[in-house]
Amino acid sequence: MPVRQLASKVSPRGWAMIGISAAIGLVFLVLVFQMASAPSYATLLTGLDPAQTGKITSTLDTKGISYQLQNNGTALAVQSDKTAQARVALATAGLLNSTQQPGFSLFDKQQLGSSNFQQQITYQRALEGQLAQTIQSIQGVSSAQVQLVLPNAQDQLFGDNSQPATAAVLISGSTSLDPTAVKGIAQLVASSVPGLHAEKVTITDSSGALLWPTADTPGSGGTSLVAKQSAQAQYNAAMEGQLGAMLTQTLGAGKAEVQVNADLNANQANADALTYTGKGIPLQTHTATEALKGGGATGGTAGTAGNIPTYAQTSGGASSYSNKVSDATLGVNKTVTHTVVAPGAVNHQSVSVLIDKSVPATEIPAIKSAVTNAVGLNQKRGDTLSISQMAFAKQPTSTATPGAASPMMSYAKYGVVALLSIVFLGFIARLLKRRENESFIGGQPTWLRELEAPRPLSALELTEAPQPTQVMQLQAPVNPAKRQIEDLVERDPDRVAQQVRAWMSED
């Protein structure tokens, strides 16, 4: 059917619906185009000097590069696809290096007669600038600033009073950095500064979010509290889940509420034990044995005494001599035990249980005993258990209020609007097609179906005469209508004859 004929059959209400659908579709296309064509900005420079900001922005305006000032004019962001062009433009104008920390080039302008303190400060500034320039060469980092705190040379003479070296790094454009790259930056800074450990390095992004150290960084004193709180939260949740499941299985759903508050020891320690016993252990033993055996002697002694007759001569008997000496060096019997105490020990815990009034009071002692054994309650370390019984509030039958829509829902709305627009346009097209074929429903024209009930001739005369344009439109299907009339006469001649007699009787 031609478009003009199709448009002539659309009612004013249909035209209004088509106009509204077209307006909705146009608005949807405009919103989608704006979202797709909106430029994304990436931070190029941070820590800008307000005196240099005007020169930098004028240079970017000359090159036709869009920019945004952030952090009260101390940071500059440009379009993501023009970051390289902006760097080249600022470097050509000599403005890129003015926003960066100077490196070891500071020693090129060293003056004679500078004190040791000035040399130390210059070395610290040069080391900071060199580290910042090295970090900026990492992919995903637009700019970096490094601040070092080095121990004083005088404090190093007294090891007990010296403070360890620390470092703070601020990086921008780090949205694409993964944890391994952040760890690499921390190791890079720690390896470049004498006496600096990786856990003493703090890395943050331009939004202030802490990237390093993390909760699992070993030896990190700044995150020990976070690790302890995380461990306590996991322990409390696990115990509450176990107790809740046990009470729900025994009392029923909604009959008890459990709250566990535990204090854990999250520190890892080394324990050494020395034990002594009363009996010593021989370290060295010495034994000496001496023996001497001899026979009897005959005759007198030599000399003048042997010639005196008044003294009788004697003979000696056999002799035997034995001597045994034994000594030992004893040592102290002791045992040294080295033990590594793993973190996670419970210092003390408090358990609170609320039970509904519908639970019989006679079951309270059994519940108390079960909860005590389930959590391993130890009163010696200060554990407490509180069991109370009160009437629970009835659960509301209304549905919960939905939470805040996720970012994906904002995009889903446009999809729903587009889908509804397509459905509406399809409905309009179907309606127009239906109006086009309504003159031939069931293979019969409308005027032929009206012959099923006799109508007076006056009613036919009162009907509006067809317009010339409509007559021209009906001239095409003359032959099909003629065949339908012939088929009707053949199938039901009595009804046709009755209608013709009714028309003749009116005359």
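A residue is called buried when its relative accessible area is under 20%, exposed when over 50%, and partly exposed in between (1.4 Å probe, protein chains only). The model examined here is predicted, so local features need pLDDT of at least 70 and side-chain atom pairs count only at pLDDT 80 or more, while totals for chains, interfaces and linings use all residues. Residues are numbered from 1 along each chain as its sequence is written, and side-chain values use heavy atoms, with hydrogens and water left out.

Ser 21 counts as buried because its relative accessibility is 7%. Beyond its neighbours within four places in sequence, Ser 21 is in contact (heavy atoms within 4.5 Å) with Phe 424 and Leu 425.

Helix α5 comes next. Its buried residues include Leu 127, Leu 131 and Ile 135, and the cover over the buried residues of α5 includes β4 (143-149), β5 (166-172) and α6 (179-192).

How do α5 and α6 meet? In α5, Leu 127, Leu 131, Thr 134 and Ile 135 touch Ile 185, Leu 188, Val 189 and Ser 192 of α6. The residues of this contact comprise 6 nonpolar, 2 polar and no charged, where Ala, Val, Leu, Ile, Met, Phe, Trp, Tyr, Cys and Pro count as nonpolar, Asp, Glu, Lys and Arg as charged, and the others, Gly among them, as polar.

Definitions and conventions. Helix = DSSP H or I, 4+ residues; strand = E, 2+ residues; numbered from the N terminus.
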